[in-house]
Amino acid sequence: MGVLRRNNVKVSGDGTRPIVFAHGFGCDYNAWNAMAPGFERDHRVVLFDHVGAGGSDLSAYDSGKYSIFDGYVNDALEVMTALDLRDVVFVGHSAAATIGMLAAGMAPGLFAAVVMVSPSPCFIDDGDYRGGFSREDIEGLIEVLDSNFLGWSRATAPAIMGTPDRPELGERLTGSFCRTDPDIAREFARVVFLSDHRADVPRCRTRSLVLQTQADMIAPVEVGHYLHLHLPDSELVVMEATGHCPHMSAPEETTRAIRSFLAR
Amino acid sequence: MTGAPLPDPPRETIEELYDHAPVGYITVRADGTVARVNRTLAEWLRFAPEGLVGQPLRSVLTPGARIFFETHCAPILQVEGVLRQTALDLRRADGTRLPALVDWKRLDDADGRLLGHRLMVVDSSDRRAYERELLAERERARLAAAELARLNAELEARVEARTAELVQLQKIETLGQLTGGVAHDFNNLLTPIMACLDILSRKAKLDDRNARLVEVAAEAAERARLLVSRLLAFARRQRLEARPVDLPALMAEMRDLVARSVGPMVQIRIEVEPDLPPARVDRNQLELAVLNLCVNARDAMGGEGRLTFGLFPALIGEGHRAQLLPGTYAALAVTDTGAGMDEATLRHATEPFFTTKGPGRGTGLGLSMAKGLAQQSGGELMVDSLPGQGTTVTILLPRAEEVPRPAEISAPGDIRARQTLSVLLVDDEPLVRASVARMLVELGHEVHEVASGPEALELLRDRVPDLIVTDHAMPGMTGTVLAALAQERWPGLPVLLLSGYAALAGMDGGALPCLAKPCSLAQLAEALDRALAPAAFPAVSAERVGLGAAKN
């Protein structure tokens with residue numbers, strides 16, 4: 001099984017400079033539908049799904065490998081080397097922002113810049129650090145996840161998802177919502193919301209942009225400031241957009257912020 | 001039966017419907033704050049309705065629900081504007097949790113700008129509890145399935161191991177058949193060698209040197225005969241002279257021999273339980289088996305320890321590991337205080353050529369020969385052992401119904417027959433036939449030789465000899481069938497069967513006197529006597545060998 005098939009990699013665009021978009025927890029690469037095409041005229045645009053999400057190869061899912069971020073970081077680096085990408089602009093949303101930060105710390109030579117959209121290196125409150133949640137809160141998330149995925153398991157949904165004559169189903173977000181395997185979603189939730197990668201923040205020396213929105217229910221504004229403070233070479237932009245997904249709710253503003261960062 | 005028409009419920013205003021419908025209803029502004037909430041939902045959340053207005057919606061979601069909303073619901077609402085039956089946890093004013101199902105619909109103005117969202121909320125406490133039970137049940141089923149898979153794998157591994165053991169057993173069986181066949185042919189070659197040597201040593205006027213040479217050759221031939229008989233024993237193909245044997249008497253007689261075999265540092269005990277029945281077994285072969293067991297015991301004890309012979313009646317029931325027909329057997333247990341065996345060694349202990357002794361120290365045939373003897377006699381051999389705790393080998397033998405006679409000791413000296421007999425000798429092997437013929441002549445008898453059963457019957461049509469001596473294993477007609485047909489023509493005609501091996505139907509009960517080849521002159525003379533003794537041959541009925549109804 002090739003890396004490109006495993007991670008459902010999609011490459012487009014006329015430019016030479018590679019820009020890689022990585023989705024966060026709960027989505028697939030369709031989350032970038034409102035933004036990615038805007039980069040195609042001057043970039044080589046790479047979209048991919050994390051294993052367990054969207055159109056990735058579910059059989060490649062390995063509880064051991066993906067029980068920590070490193071499994072996903074490794075996959076992202078494999079996608080980049082499989083495509084022979086250099087000077088990559090890595091745009092990661094939420095969990096994928098952490099993936100990009102860790103990957104750049106591990107293989108700085110591959111990266112030109114890391115854009116972190118609504119990021120958080122640690123969601124759990126710890127002393128003076130305010131991540132926004134407690135461990136019990138995350139157990140509550142797991143229960144809500146279970147309740148929503150009950151009946152949406154892959155066993156009951158493939159009839160809808162595997163219909164090649166209705167590709168629009170796969171392109172719609174509800175499609176990716178349905179296509180999330182409940183067990184994988186539960187494990188991914190634990191990785192994303194229980195990991196603490198604060199110690200890795202200063203190791204990412206790649207030029208970074210932290211995009212923070214107003215009233216993000218998940219990442220408190222303090223987390224944006226924390227990252228900006230501890231990333232050695234970073235800029236912080238607090239956007240007008242609200243919510244945790246500005247790339248979907250405010251794609252133009254997000255694109256503008258990224259383009260002006262890259263232009264500097 | 002009719003009654004007064006039932007009164008309609010009172011008319012409701014739209015406000016009453018809004019506030020008191022049995023579902024929660026809430027309107028949220030574009031910035032996520034609550035614009036309006038119905039009384040039903042406010043009561044569920046234990047707020048006054050006006051207490052919620054202006055609050056951000058996130059304040060009535062649990063933290064877990066907030067994450068789920070941001071990661072899963074908001075993106076879909078963004079793209080599609082509608083979301084159905086989302087499971088979310090609401091937070092009541094007192095901090096407790098209300099599991100709910102929420103439907104969302106986006107509100108736009110005429111230009112398509114977002115105004116906010118309408119939410120309908122259903123209390124799903126019961127449903128959630130049921131879901132948790134369902135999930136717990138699924139988890140239990142998953143664990144049970146995993147356990148089942150583990151057990152299945154274990155079972156498969158066991159079957160595989162058993163199959164491997166079975167293959168090993170089949171190999172041994174094949175080895176046994178091969179060994180039996182080769183030993184039998186070897187036996188046929190030994191018969192004339194021994195006979196010729198016997199005659200040479202008796203008749204020829206040999207000088208001392210040549211007499212010694214013949215003696216050495218005869219000894220070697222005797223050793224070869226012993227080795228062959230062991231191989232046949234392991235192959236369960238030996239000709240057994242099963243007779244009633246008094247085991248305590250046998251052990252008493254063997255005691256000196258055993259003592260010499262195991263050496264002075266081994267203490268010997270013989271324990272006999274009352275009511276021990278006589279065993280039905282080949283006495284000579286049993287002696288050999290016991291000696292083999294003693295040598296094994298000696299080696300296991302390093303020449304020092306205690307060797308106990310237990311003789312006792314063994315009551316075998318259904319399901320006993322010996323897998324014998326239920327009944328009382330005579331047991332001979334040989335127990336040493338030696339090193340014992342681990343499970344793996346024990347499993348292979350009775351396999352032929354398996355030995356723990358160094359090169360040149362053991363053939364690996366002792367225990368397998370003893371087991372072969374026990375099984376061919378209608379009994380079984382069992383080995384019990386633990387490392388460091390010694391070994392017990394138990395031979396179970398079928399009980400004899402008759403009373404054993406004291407061992408007959410053939411008188412040395414002249415073994416020539418008291419009277420000359422006319423003997424019809426039948427054997428398809430010319431070499432063997434010639435040597436047996438020579439021995440018969442040597443004993444003073446007249447011999448007519450033929451090479452097959454039909455030829456013998458042809459002769460028997462008109463003439464009756466004093467005795468027929470016939471090989472058993474001949475192509476076409478076996479010696480047993482020949483005997484039956486001959487006795488049909490001449491009832492009471494004595495027949496002596498010669499055989500290299502005979503594990504054949506019709507020969508297992510000792511119905512006809514038999515003599516194992518090769519044999520010495522003395523053995524032949526003794527066998528002839530047995531064949532001629534009236535009690536020795538209960539008529540073999542033709543029915544028994546499958547030739548139709550017996551004649552009286």
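In which sense do S13(B) and S15(B) pair, and over how many bridges? They pair in the parallel sense over four bridges; two strands count as paired if DSSP finds at least two bridges between them. This is a predicted model, in which local features need pLDDT of at least 70, side-chain atom pairs count only at pLDDT 80 or more, and totals for chains, interfaces and linings use all residues. Residues are numbered from 1 along each chain as its sequence is written, chains are lettered from A and ligands numbered from 1 in the order in which they are written, and side-chain values use heavy atoms, leaving out hydrogens and water.

**The sheet**
- Five strands of chain B form an open sheet in the order S14-S13-S15-S16-S17, with parallel pairing; strands (E, at least two residues) and helices (H or I, at least four) are DSSP runs, numbered from the N terminus.
- Strand S14 (446-450) and strand S17 (514-516) of chain B are the edge strands, each pairing on one side only.

**Strand pairs**
- Strand S13 (residues 422-426) of chain B is joined to S14(B) by five bridges, and B:Leu424 stands opposite B:His448 in S14(B).
- B:Leu425 stands opposite B:Val469 in S15(B).
- S15(B) also pairs in the parallel sense with strand S16 (residues 495-499) of chain B, over four bridges; B:Thr470 has B:Leu497 in S16(B) as its bridge partner.

**Burial of S15(B)**
- S15(B) is largely enclosed by the rest of the structure, because five of its five residues are buried (under 20% relative accessible area, 1.4 Å probe, protein chains only).
- B:Leu467, B:Val469 and B:Asp471 are buried on one side, and B:Ile468 and B:Thr470 on the other.

Notes
Buried means under 20% relative accessible area, exposed over 50%, partly exposed in between (1.4 Å probe, protein chains only).
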